[in-house]
Amino acid sequence: MKNIKTYFPAFCLALTLSLGLVSCKEEDPFLDNDVAPVLVDIVGAAFGAPIASEPTVAYKATDAKLTLSARLLELDKTNILDHTKGIDSIPVPNVAIKITLRTGTVLGEVTSNAQGLVTIDKTWAELGVAAPKAGSVTKISWTGSYKGIAFTRFSQVQAN
């Protein structure tokens with residue numbers, strides 16, 4: 001029987017190679033590397049919309065003017081471990097937001113106010129819906145930059 005000193009170098013080499021292969025980090029192509037610096041809460045969307053993938057706001061097909069609004073909030077996580085305080089949502093003022101249709105048509109550029117609110121008034125025709133009827137959907141993008149990090153929030157406008 002051979003002693004352990006004979007096999008020890010081979011064992012160490014095999015262990016090193018195994019750990020090297022297992023510890024390789026592979027980037028996920030479907031996830032962004034940067035976390036959005038602000039929460040874009042679409043005003044008028046159903047409950048839970050801030051975490052939903054595409055919040056939808058319903059307007060009457062007969063409305064002459066549609067007011068598209070979003071609230072920009074920064075999450076202060078200072079007290080995340082204190083259950084009596086928790087995470088605080090702080091309005092983000094003076095952030096320029098470009099609102100576009102997903103086709104690329106620019107609806108306008110607005111800046112958030114002191115309460116973090118951005119608002120723009122449009123008509124159905126400006127949203128690309130000449131004759132709105134129940135179920136008509138228009139897809140919108142809200143794009144901006146905060147603290148040097150770009151972000152985009154998608155939403156939908158639906159006629160009812």
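## Strands S2 and S9

Strand S2 and strand S9 (residues 149-159) run parallel and are joined by four bridges. Strands here are DSSP runs of E with at least two residues, numbered from the N terminus, and two of them count as paired if DSSP finds at least two bridges between them. Across this pairing, Tyr 59 sits opposite Ala 159 of S9.

This is a predicted model, where local features need pLDDT of at least 70 and side-chain atom pairs count only at pLDDT 80 or more, while totals for chains, interfaces and linings use all residues. Residues are numbered from 1 along each chain as its sequence is written, and side-chain values use heavy atoms, leaving out hydrogens and water.

## The hairpin

Which strand makes a hairpin with S9? It is S8, with two residues between the two strands. In the turn, Lys 147 has a positive phi of about 55°. Strand S8 (residues 137-146) and S9 are antiparallel, with 10 bridges, and Ile 140 faces Ser 155 in S9.

## The whole sheet

The order is S2-S9-S8-S5-S6, an open sheet of five strands with mixed pairing. Its edges are S2 (56-59) and S6 (106-111), each pairing on one side only.

At the S6 end, strand S5 (residues 96-101) runs antiparallel to S6 through five bridges.

## A look at Ser 89

Ser 89 belongs to strand S4 (residues 88-91). Leaving aside neighbours within four places in sequence, Ser 89 is in contact (heavy atoms within 4.5 Å) with Leu 73, Glu 74 and Leu 75. Ser 89 and Leu 73 are 16 residues apart in sequence, yet their C-alpha atoms are 5.7 Å apart.
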